[in-house]
Amino acid sequence: MKTEVKITFEDFDCFELKKFCDRLEAFANVEHDYVDGSLVLALNAGFGSGKTTFIEMWRNSLLSRREKGEFVPMPVVLNAWESDHCGEPLLAVLAGLVEAIENWKGEGTPNKSKFKKAAKEVGWFSTGLANEFVAKWTGLNSVKAEEYAAKKTGESKLPTPDFIEMYQQRINALQDLKSELRTAFGGRNPKVLVFVDELDRCRPDYAVSYLETIKHVFDIEGMVFLLAVDYDQLKGSAQALYGVHLQFEEYFRKFCHRTFLLPDMTEDSYRRLAGKYVHKYLEVEGKRITRFDLSSQIEKQVINVASALRLRPRQIQDVFRIMGHTMQTLDETKNGKVVWGYAIGCILLSCFRVGRSETFHLYRKKKDGMKDLCLEVLALMGRKDAEWWIQVVIQGSITHETSKEFLADLLVELGYSDGGPDSVNGFLRGFSNAFNHNENQLLRIANAIEDAQAL
């Protein structure tokens with residue numbers, strides 16, 4: 001059985017987010033006093049930026065502190081995308097709260113039976129089962145449905161339902177639920193912190209319905225919601241439902257009191273993450289024969305390119321997966337490590353395969369793709385930092401048919417020379433041992449990367 005790894009700030013915080021978490025938690029504890037009902041915050045970052053990991057670390061921190069007797073909110077983590085197919089966000093939130101009560105840590109455990117009863121009553125109005133009962137005029141909850149079915153067995157005609165009564169009973173059930181929510185989670189101090197993750201991945205109608213549900217049903221003092229979203233994606237969902245002219249900023253303000261940005265990765269963050277993935281994807285020699293010479297240079301060069309491309313954590317993870325796959329497919333018949341140029345070329349092209357796929361594919365398919373790649377590297381890194389990588393690209397891409405005149409003109413265009421065939425030799429000095437032969441070895445690496453993705 002696979003052991004579940006608990007993700008904590010102490011062991012997994014590659015981005016030094018603990019301080020940000022402390023500030024955000026302190027803000028919620030104070031800001032809660034200045035809003036009516038529940039406090040709703042949004043954490044904005046793109047896909048693959050580490051929002052889910054941050055939530056998991058914060059959740060485990062809260063649980064650990066509650067177990068030690070500290071009064072902090074009980075965390076509840078909901079994945080909106082996982083419940084999208086169910087079509088009813090109200091039930092998804094209620095199910096998460098019921099589970100939280102059953103696994104409550106520390107003091108102040110709500111009355112589980114009363115809360116579950118209120119949740120169940122509302123649930124009958126929200127599920128397909130309840131709709132089926134209504135369609136057959138069988139009643140409004142499970143008890144009435146059973147009684148009605150027993151009385152009507154054998155009857156050929158069912159009476160017309162009282163829709164006004166049905167509506168009123170739904171309102172009453174919702175009021176009872178909100179009363180139980182106040183009893184279970186209400187108070188001057190935040191008692192529960194509900195994390196809603198992956199909301200931006202949901203169908204537009206479901207995402208909007210989720211926001212409406214939080215606003216109208218769970219607007220309870222003592223509850224705090226944190227929505228982990230990609231703001232632009234959520235905006236697209238809302239406009240897909242209401243039209244492109246929707247003023248989303250004002251619309252979102254109805255549901256959310258404050259939006260925060262997940263801090264950007266720093267150079268130290270890239271370094272820690274790269275070091276972690278070197279160990280995870282490239283050092284497992286018992287399972288994968290990796291042709292890399294695993295030195296600090298690998299981490300350094302990955303950081304150099306990944307930071308220039310502004311790759312997100314999930315993208316960096318994909319880069320290391322690609323490198324691990326590619327280095328075992330370049331030449332599976334030989335032992336030992338590859339020539340250093342192959343390793344560096346694999347780093348560069350793997351990063352571009354993930355972060356600039358269009359440039360990567362142009363390099364593979366276009367006759368003068370070397371030029372496009374050099375120009376992209378220059379634009380990303382600036383003239384000084386790009387020079388070393390451009391030397392790698394040129395040395396790895398030239399063939400016996402590549403003329404010195406073409407290369408000299410390219411160096412002039414890139415700003416590294418005033419012209420002349422002799423400038424090429426000076427520019428590439430020290431890189432003659434980077435690759436085995438002048439036969440576009442970098443293209444071979446690019447094709448191996450693409451082949452590895454097709455396995």
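The model described here is predicted. The structure holds 1 cavity of 30 Å³ or more. The volume of the largest cavity is about 50 Å³.

Glu25, Ala28, Asn29, Trp58, Pro73, Pro190, Leu193 and Val224 line the largest cavity. Helix H2, which spans residues 18-31, provides the largest share of this lining, with 3 residues. By class, the lining of the largest cavity comprises 6 nonpolar residues, 1 polar and 1 charged.

## The second largest pocket

Open space is also present. The second largest pocket has a volume of about 590 Å³, and 23 residues line this pocket. Nearest its centre lie Arg59, Val76, Val77, Leu78 and Glu99.

At least two lining residues come from each of helix H3 (51-67), strand E2 (74-79) and helix H4 (89-102). Strand E2 contributes the most to the lining of the second largest pocket, namely 6 residues. The lining residues of this pocket divide into 12 nonpolar, 5 polar and 6 charged.

## Packing of H15 and H18

Two packed helices are described by the angle between their axes and the distance between the axes. Helix H15 covers residues 340-355 and helix H18 covers residues 383-397; they pack at an angle of about 110°, and their axes are 10 Å apart. Angles of 65 to 115 degrees count as roughly perpendicular, and H15 is therefore roughly perpendicular to H18.

The crossing of H15 past H18 is left-handed. On the H15 side, Trp340, Ile344, Ile347 and Leu348 take part in the contact, and they meet Trp388, Trp389, Val392 and Val393 of H18. The contact of H15 with H18 is made up of 8 nonpolar residues, with no polar and no charged ones.

## Packing of H16 and H21

Helix H16 (residues 357-365) and helix H21 (residues 441-453) have axes that come within 10 Å and cross at roughly 120°. The two helices H16 and H21 are therefore oblique to each other. H16 passes H21 in a crossing that is left-handed.

From H16, the residues Phe360, His361, Tyr363 and Arg364 meet Leu442, Leu443, Ala446, Asn447, Ile449 and Glu450 of H21. The contact of H16 with H21 contains 6 nonpolar, 2 polar and 2 charged residues.

Conventions
Residues are numbered from 1 along each chain as its sequence is written. This is a predicted model: local features need pLDDT of at least 70, side-chain atom pairs count only at pLDDT 80 or more; totals for chains, interfaces and linings use all residues. Side-chain values use heavy atoms; hydrogens and water are left out. Axes are lines fitted to C-alpha atoms, for helices over the stretch in contact, and angles run from 0 to 180 degrees between N-to-C directions. Helices (H or I, at least four residues) and strands (E, at least two) are DSSP runs, numbered from the N terminus. Angles under 35 degrees count as roughly parallel, over 145 as roughly antiparallel, 65 to 115 as roughly perpendicular and the rest as oblique. A crossing is left-handed if the near helix is turned anticlockwise from the far one by less than a right angle, and right-handed if clockwise. Contact means heavy atoms within 4.5 Å. Ala, Val, Leu, Ile, Met, Phe, Trp, Tyr, Cys and Pro count as nonpolar, Asp, Glu, Lys and Arg as charged, and the others, Gly among them, as polar. On a 1 Å grid over the protein atoms alone, a cavity is a set of points where a 1.4 Å probe fits but cannot get out, and a pocket is an open set with protein on both sides within 12 Å along at least five of seven lines; lining residues have an atom within 4 Å of a point. Grid points are joined across faces, edges and corners, and a volume is the space filled by probe spheres set on the points.
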